[in-house]
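Please look at the sequence and the 3D structure shown here. Keep both in view while reading.

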Amino acid sequence: MKRATGTTIDHGLLPQLLGYQLRLTQLAVFKDFSDSVSDTDITPSLFAVLVVINANPGLKQTELAKAVHLDRSTVVSTIDKLERRKLVQRKRVAGDRRTNALLLTDAGSTLLAQLTVEVSEHERRLAAQLTQTERETLIQLLSKVSPISG
């Protein structure tokens with residue numbers, strides 16, 4: 001990186017650190033994701049919530065929290081936000097007034113279908129410099145680094 005004085009900044013050992021490279025990658029991925037779905041006001045976290053609810057209709061909020069690695073209070077506010085946008089609905093579980101089952105609304109299903117196309121294009125751009133084997137290997141290696149993958 002060039003400084004205002006024209007000299008290059010030495011990043012020291014940072015470029016050799018896995019965490020630093022992962023953070024730079026995360027910044028690039030999130031920016032491209034945001035650019036890809038900018039008119040929907042959906043974040044990667046909200047997209048993950050929609051995908052998991054769609055794949056598991058009737059999922060309980062506590063199960064969703066575990067599946068998307070968010071604490072319970074964050075999941076509650078996330079579902080509140082999606083419910084206000086009429087993308088997700090809570091339904092009481094029969095026989096348990098304290099438990100809500102989560103479902104996508106028709107609007108949520110429609111938006112998810114649109115997002116899936118946009119996110120697929122986003123993923124294609126991210127992996128453009130990788131072969132299919134390299135992409136699969138990268139996913140496998142990243143899942144080994146993260147103790148919460150899956």
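The paragraphs below go through the sheet, then the helices, then a few single residues.

This is a predicted model, in which local features need pLDDT of at least 70 and side-chain atom pairs count only at pLDDT 80 or more, while totals for chains, interfaces and linings use all residues. Residues are numbered from 1 along each chain as its sequence is written, and side-chain values use heavy atoms, with hydrogens and water left out.

Helices (H or I, at least four residues) and strands (E, at least two) are DSSP runs, numbered from the N terminus. Strands of a sheet pair through backbone hydrogen bonds, either parallel or antiparallel. Here three strands make an open sheet in the order S1-S3-S2, with antiparallel pairing. Strand S1 (59–60) and strand S2 (88–93) are at the edges and each has a single partner strand, so one side of each has no neighbour in the sheet. Two strands count as paired if DSSP finds at least two bridges between them. S1 is joined to strand S3 (residues 96–104) by two bridges, and these strands run antiparallel.

What lies across S2 and S3? Helix H4 (residues 72–84) does, running at about 120° to S2. For such angles, axes are lines fitted to C-alpha atoms, for helices over the stretch in contact, and the angles run from 0 to 180 degrees between N-to-C directions.

H4 also meets helix H2. The axes of H2 and H4 come within 11 Å and cross at roughly 80°. H2 and H4 are therefore roughly perpendicular to each other; angles under 35 degrees count as roughly parallel, over 145 as roughly antiparallel, 65 to 115 as roughly perpendicular and the rest as oblique. Leu46, Val49, Leu50 and Ile53 of H2 make the contact with Thr78, Ile79, Lys81 and Leu82 of H4, where contact means heavy atoms within 4.5 Å. By class, this contact of H2 with H4 has six nonpolar, one polar and one charged residues. In this scheme Ala, Val, Leu, Ile, Met, Phe, Trp, Tyr, Cys and Pro are nonpolar, Asp, Glu, Lys and Arg are charged, and the others, Gly among them, are polar.

A further helix packs against H2. Helix H2 (residues 44–55) and helix H5 (residues 106–126) pack at an angle of about 120°, and their axes are 11 Å apart. That angle makes H2 oblique to H5. Phe47, Leu50, Val51 and Asn54 in H2 meet Leu112, Leu115, Thr116 and Val119 in H5. The contact of H2 with H5 has six nonpolar, two polar and no charged residues by class.

Which residues does leucine 112 touch, leaving aside its neighbours within four places in sequence? Leucine 112, in helix H5, is in contact with Phe47, Leu50, Val51, Asn54 and Leu104. Leucine 112 counts as buried because its relative accessibility is 6%; buried means under 20% relative accessible area, exposed over 50%, and partly exposed in between (1.4 Å probe, protein chains only).

Glutamine 61 lies in helix H3 (residues 61–68) and, at 16% relative accessibility, also counts as buried. Not counting residues up to four places away in sequence, glutamine 61 touches Val75, Val76, Ile79, Arg90, Asn100 and Leu102. Lysine 81, in helix H4, counts as partly exposed at 40% relative accessibility.
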